[in-house]
Amino acid sequence: MNFSVVTSQFASLVLQGVALGLIYSLIALGYTMVYGVLRLINFANSEVFMVGTFTVLFIQVTVLGHAVTREPMHGWPLILALALSLIAAMGVCALLAMLVEVVAYRRLRAKGANRLASLISAIGVSIFLSESWRIFTDSRPHAGPRLLEKWSFGEFHGANFRIDTMMAIFASLIIYMVLLRFVNGSRLGKAIRAVSMSEENSLLMGINLNRVVTLTFAIGGLTTGAAAFFYITIYENTVFNVGFNLGIAAFTAAILGGIGNLRGAFFGGLALGLTEQFASAIIGSQWKAVTVFIVLVFVLLIKPSGIFGEAVQQTRT
Amino acid sequence: MRLEIKDLSVHYGKIEAIKGISIVVNQGEIVTLIGANGAGKTTTLKTISGLRKVSRGAILFDGQDISKVPAYERVDLGISQAPEGRGIFPGMSVLENLEMGKFNRKDRRSEMKEDLNRVYDLFPRLKERSGQAGGTLSGGEQQMLAIGRALMARPKVLLLDEPSMGLAPMMIANIFQIITTINTELGTTILLVEQNAQQALQRAHRAYVLETGKIVKEAKASDLLNDPEVRAAYLGTGAGTGH
Ligand SMILES: Nc1ncnc2c1ncn2[C@@H]1O[C@H](COP(=O)(O)OP(=O)(O)O)[C@@H](O)[C@H]1O
Ligand SMILES: [Mg+2]
């Protein structure tokens, strides 16, 4: 145990925690959007994230031909390379999420199968994706080029405001606010809210349920894809099972904030990112993953509905 | 408009909840379907709206069999429902709830204004509360909202599932009065499901009595009001013990 780091590195831990937390939030939004509409934990979301990280590398290394060892880029070529990999990751993740829904859940839903069947199907898809990626990639971690030079805006009490960190933080905030506006203000967003309140009553309004479900998976894919991009710009490598830890953490974040609730996913992610940073500084970074599980167990024991959640039991009816 | 249900059966798993019923609703009518709890009234309305699968028989709407048409397209055909328990969206404002009533609008603005005004004329209370969350309304107001929302789609036939359920006597009278107004002033055809048989039979032109999934009587509503069996079973004023 080392409590002195809390004071000596406070600002730095907060900054790192917020950046990591917002990446969790973006993935958590993927879980929470789907849960809100279908009352289903889409376990495959973590593998959607994994595929997103590989998409970023594919664009940067294979399509744009940047060697892992290349020097950082500048100006328009840099912005173009980053924008292209971000858009590709979001697009591929959205498509993959929609595909997963059609392949793994739609028929079960049409048949009125119980939720447990969908849950098993979700886990199946998740294992299928990560294991096929293990084969494609020979279980090897893949590194990406450092396109973005990691210069710093400056330091504040030991916190290093590096450009990749700041980019992840600001972009996540923007994505979150756009999503909130969309869900609360747009016509399709209202359809999503209506379906999450009641499927049958939404049908009575003339809402095409399957379309709303597809849209929801697509949105979840978009935010998860964005998370994958920021993850790669900060950590610069990935592996076939990267989705496992990140997925569990994001899922915990969603539960922590109250699953099915956008605000919950956002603040749950932040809270978890901060907890993880502080815990690993105090007890040691090997305990990082353990902290996540401890938080998960405690939330489930003490307040299963999460911080902002409607009671989970209530939303299930 | 003519809605004709022909020899309709509906199953929940292996259990046959609706056992070959036939109902006709003609243009301009109020037709009521009365019956005890569990008789299958809600199942019938849900099936007309497409929320339950037809296992045998047909639902003819203007002569076309719509039993395979997806639920969300039936609203556009002209079938709207105010479901049992009202089914309003609690987290949405009254106005948002009303807007949802016809989700698929082609001409959004002008048409919507017109529809809104029509509903607000009918239910001034809803206009006063347009910004308030649906979930905070009283039971009667929620029922008004459910009916108003269904009217937003300018339905050719309006399905009402126990609109009087759980309301105070004053409000019940109010709701039944509005049902007549909708029928006479807007010319909307109505299929009304009720356990409050007395009121329903007074308002309706024709009536069907449903018992455990079967139609056991069909007559002019005024005739059923004087039918000894119906009085005994549903109006609580006959010689029998009732249900
Ligand atoms: N979702 C359901 N699953 C299984 N049985 C149902 C379901 N809904 C209704 N039932 C059964 O179907 C019958 C008719 O129910 P319902 O249509 O709700 O009757 P009513 O509206 O006349 O009270 C009842 O026996 C009821 O138990
Ligand atoms: Mg009923």
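Q: Over which residues of chain A does pLDDT stay under 50?
A: pLDDT is the predictor's confidence in each residue, running from 0 to 100. Where it is low, the predicted coordinates should not be read in detail. Here the stretch under 50 is residues 311-317 of chain A, for which the model has seven contacts beyond four places in sequence. A contact means that the C-beta atoms of two residues, placed from the backbone, lie within 7 Å. Chain A has a mean pLDDT of 91, with 97% of its residues at 70 or more.

Q: What should I know about the model before going on?
A: This is a predicted model, in which local features need pLDDT of at least 70 and side-chain atom pairs count only at pLDDT 80 or more, while totals for chains, interfaces and linings use all residues. Residues are numbered from 1 along each chain as its sequence is written, and chains are lettered from A and ligands numbered from 1 in the order in which they are written.

Q: Is helix α7 of chain A mostly covered or mostly uncovered?
A: Start with the terms: helices (H or I, at least four residues) and strands (E, at least two) are DSSP runs, numbered from the N terminus. A residue is buried if 20 or more other C-beta atoms lie within 10 Å of its own, exposed if 12 or fewer, and partly exposed in between; these C-beta atoms are placed from the backbone. Helix α7(A), residues 187-197, is mostly covered, with eight of its 11 residues buried. Among them are Lys190(A), Ile192(A) and Met197(A). The buried residues pack against α2, α6, α8 and α9 of chain A, together with α3 of chain B.

Q: How many residues does each chain bring to the contact between A and B?
A: Chain B brings 20 residues and chain A brings 15. On the side of chain B, α2 (71-77) and α3 (94-100) are the elements that give two or more residues. The most come from α2(B), with four. For classes, Ala, Val, Leu, Ile, Met, Phe, Trp, Tyr, Cys and Pro count as nonpolar, Asp, Glu, Lys and Arg as charged, and the others, Gly among them, as polar. By that scheme, this side of chain B has 10 nonpolar, seven polar and three charged residues.

Q: What is the strand order in the open sheet of six strands in chain B?
A: Two strands pair if DSSP finds at least two bridges between them. The order is β6-β7-β8-β3-β9-β10, with mixed pairing. β6 (79-82) and β10 (214-220) of chain B stand at the edges with a single partner strand each, so one side of each has no neighbour in the sheet. From one strand to the next, the twist averages 20°. β6(B) and β7(B) (residues 157-161) pair in the parallel sense over four bridges, and Ile79(B) has Val157(B) as its bridge partner.

Q: Which residues surround ligand 1?
A: Here a residue counts as near if its C-beta atom, placed from the backbone, lies within 6 Å of the molecule. Those around ligand 1 include Tyr12(B), Asn37(B), Lys41(B) and Thr42(B). Helix α1 of chain B, residues 41-49, gives the most to this shell, with three residues. By class, the shell has three nonpolar, six polar and one charged.

Q: Why does Leu122(B) count as partly exposed?
A: Leu122(B) counts as partly exposed because it has 19 C-beta neighbours inside 10 Å. Leu122(B) belongs to helix α4 (residues 109-122) of chain B. Beyond its neighbours within four places in sequence, Leu122(B) is in contact with Gly148(B), Ile178(B) and Thr181(B).

Methods
Axes fitted to C-alpha atoms, helices over the stretch in contact; angles between N-to-C directions.
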